[in-house]
Amino acid sequence: MSDSTITATPPEKTGKREQKAKKPASLWSDAWYDLRRNKVFLIGAGLVAVLVVMAVFPGLFSPIDAYNPATCDLSRARQGITGEHWFGSDNLGCDTYSRVIYGARISIIVGIAATLATSLVGGALGLVAGFYGRWVDVIMSRIAEIFFAIPSILGALLILAVIGRDNAGIGSVVLALSVLAWPLVLRIMRAAVITTKNQDFVVAARALGAGPGRIMLRHVLPNALAPVIVVTTMNLGLFIAAEAALSFLGVGIQSPDISWGLMIADARNRFLEAWEPLLFPALFLSITVLAFVMLGDAVRDALDPKLR
Amino acid sequence: MGRYVVRRLLQAIPVLLGTTFLIFAIVYALPGDPLQALAGDRRVDPVFAQTMREMFHLNEPLLVRYWYYVRDIFSGDFGMTFRGLPVSTIFEGKFQVTLNLAMTALLIEAVVGIGLGLIAALRRGSWADTGVLAFTLLLVSIPTLVSGFVLQLVLGVQLKLSTGIDFFPVAGLRDGWRSYLVPGIVLAGTSIAYLTRLTRTSLMETLRADYVRTAIAKGMPRRRVLGRHALRNSLIPLVTYLGADLGTLMGGAVITETIFNMDGIGRQLFQSVYLRENSVVVGIVTVLVLVYILANLIVDLLYAVLDPRIRYE
């Protein structure tokens with residue numbers, strides 16, 4: 001019985017595969033086929049899914065509302081791991097577990113917002129610069145080069161120091177990170193557009209009388225998108241790490257907002273008495289960054305046939 | 001090559017001007033009166049305000065003020081702190097600390113990164129290769145913020161308490177070169193991962209090249225093929241990466257120095273941000289950005305020297 005099922009399955013599978021191969025497989029369907037079978041992608045995607053749910057509905061994971069100061073008990077500060085406080089309690093006696101859960105929201109928001117902002121700005125400018133070339137390209141590439149010459153953590157630190165701690169928050173952190181990161185997207189988009197725009201199908205579209213806008217959006221953009229997606233996915237994780245670093249340095253997210261970087265900074269001075277309030281947010285930060293980096297790595301393997 | 005050097009130097013000028021202008025614009029072009037900010041809620045004494053405005057050229061148009069700023073930078077004057085000390089005095093001694101730290105990190109990065117990359121490239125597809133790749137993935141994902149505190153706790157405290165080994169100082173600078181060891185590892189972390197991957201791809205590409213196949217075919221010992229032909233040619237992108245990374249590491253030292261309490265310019269930057277001394281912040285960021293740009297410039301010039309195949313028009 002079991003033997004027959006085993007012998008029966010493989011031909012069916014190959015049959016499906018052949019059917020698939022008959023259809024002209026696009027880069028995207030090919031990549032999706034690869035991704036579904038890639039363990040790195042599945043683990044990364046699973047972690048990201050959990051983190052996103054955690055960011056949207058923190059109440060599902062934690063019975064304590066970390067934003068309610070009444071849940072903190074100063075007399076129970078730094079008590080270590082107990083049945084009530086799984087990850088210990090911090091300097092103010094707040095539950096570290098619930099704070100770590102609630103901290104996911106800001107990290108995810110900053111990561112996604114900064115990624116969207118840099119992709120839209122850098123992508124649009126890169127598309128235009130690569131497509132039109134000549135002086136448009138020269139001007140945009142030079143401007144990008146100027147922004148590119150500033151290391152992003154330093155530049156963001158400078159911008160946030162000027163904005164001031166009183167006005168700092170999610171918006172200013174996203175702004176500071178995006179202002180310095182868009183040139184990277186521009187460069188990659190530009191290079192991809194330049195290789196795409198001289199291909200036969202673009203020439204054909206032009207011969208059929210398509211205008212520049214239509215050619216750019218319908219023919220060039222979809223075919224130049226792959227490298228941009230790879231870089232932006234990886235960057236998402238790095239944005240999250242940068243947010244934590246800036247919050248740690250005191251210029252990013254400010255309390256009472258909850259951010260992992262801020263929690264690390266708060267726990268720092270009493271680190272040797274109680275390691276829990278420092279290392280648990282650090283662990284979650286690393287896992288989050290890891291999840292997005294894994295995702296980006298897998299997407300790159302799937303989209304870049306050269307690396308196979 | 002002489003023409004290339006000149007052209008590359010000339011190209012660096014607009015970038016330098018543009019970058020300094022960007023920093024300047026970020027800091028000084030924002031709305032708000034800096035003197036009022038200095039005074040808080042109190043009324044600013046008009047005579048004092050007048051003197052200060054003239055002293056710091058606050059009444060001049062933006063471009064004129066930018067001109068003063070650039071002129072001051074290139075004559076080594078990075079402005080004054082609010083206490084009236086020149087910002088440049090802050091760099092004394094501290095710059096050396098940051099440079100030492102960045103060099104330590106660079107050394108660790110080069111040894112570990114190239115070593116791991118070699119192993120992975122030579123045993124392509126084996127468990128060692130997979131292991132190295134997984135390790136780099138992990139290394140990229142652990143922010144300095146996390147690795148710094150973990151190593152401080154494990155090497156500095158737990159190791160000392162459990163075994164009595166006190167080899168890894170994890171705070172301050174009292175132990176000479178050993179003080180830079182753990183912070184160097186932490187600072188090098190992410191860069192090690194990138195260098196390992198770069199070494200792996202670069203070496204794998206060279207190993208596929210025709211001249212390597214020819215060398216093997218004519219019966220040259222493998223070790224010699226690797227050292228003479230493959231490694232030497234794959235080193236070029238690695239050296240350029242390492243050179244450019246020095247600037248990045250110096251910029252990244254802010255967090256490492258803060259965690260390990262090292263008295264370098266990174267920690268000074270952190271303190272100045274806290275004390276809201278924007279003039280110091282601008283001075284330090286300007287210097288670090290200049291170091292970054294110069295490091296990239298030198299690397300670009302080195303590239304032409306290292307690789308005679310590249311002939312620049």
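Read from one end to the other, chain B runs α-α-α-α-α-α-α-α-α-α-α-α-α. That is 13 helices and zero strands, where helices (H or I, at least four residues) and strands (E, at least two) are DSSP runs numbered from the N terminus. Before you start clicking, note that this is a predicted model, in which local features need pLDDT of at least 70, side-chain atom pairs count only at pLDDT 80 or more, and totals for chains, interfaces and linings use all residues. Residues are numbered from 1 along each chain as its sequence is written, while chains are lettered from A and ligands numbered from 1 in the order in which they are written.

**Stop 1: colour chain B by confidence**

The pLDDT is the predictor's confidence in each residue, from 0 to 100. Chain B has a mean of 79, and 86% of its residues reach 70 or more. The model as a whole scores ipTM 0.80 and pTM 0.82.

Of the 313 residues of chain B, 36% count as buried; a residue is buried if 20 or more other C-beta atoms lie within 10 Å of its own, exposed if 12 or fewer, and partly exposed in between, with C-beta atoms placed from the backbone.

**Stop 2: show both chains**

Here 35 residues of chain B are in contact with 36 residues of chain A, contact being C-beta atoms, placed from the backbone, within 7 Å. On the chain B side, the elements giving two or more residues are H1 (2-28), H7 (127-141), H8 (144-163), H11 (222-259), H12 (265-274) and H13 (278-306). Which of them gives the most? Select H1(B), which supplies eight residues. This side of chain B divides into 28 nonpolar, seven polar and no charged residues (Ala, Val, Leu, Ile, Met, Phe, Trp, Tyr, Cys and Pro count as nonpolar, Asp, Glu, Lys and Arg as charged, and the others, Gly among them, as polar).

**Stop 3: a helix pair across the chains**

Now select helix H11 (residues 276-303) of chain A together with H7(B): they pack at an angle of about 130 degrees, with their axes 8 Å apart. Axes are lines fitted to C-alpha atoms, for helices over the stretch in contact, and angles run from 0 to 180 degrees between N-to-C directions. That angle makes H11(A) oblique to H7(B), since under 35 degrees counts as roughly parallel, over 145 as roughly antiparallel, 65 to 115 as roughly perpendicular and the rest as oblique.

Show side chains for A:Ser286, A:Val289, A:Leu290, A:Val293, A:Met294 and A:Asp297, which meet B:Leu137, B:Leu138, B:Val140 and B:Ser141.

**Stop 4**

Go to B:Val225 in helix H11 of chain B. Is B:Val225 buried or partly exposed? With 19 other C-beta atoms within 10 Å, B:Val225 is partly exposed. Its C-alpha atom is separated by 6.4 Å from that of B:Ala215, ten residues apart along the chain. Beyond neighbours within four places in sequence, B:Val225 is in contact with B:Val212, B:Ala215, B:Ile216, B:Met220 and B:Ala230.

Finish at B:Asn261, in the loop between H11 and H12 of chain B. B:Asn261 has a positive phi of about 55 degrees although it is not a glycine.

Note on methods: Contact = placed C-beta atoms within 7 Å.
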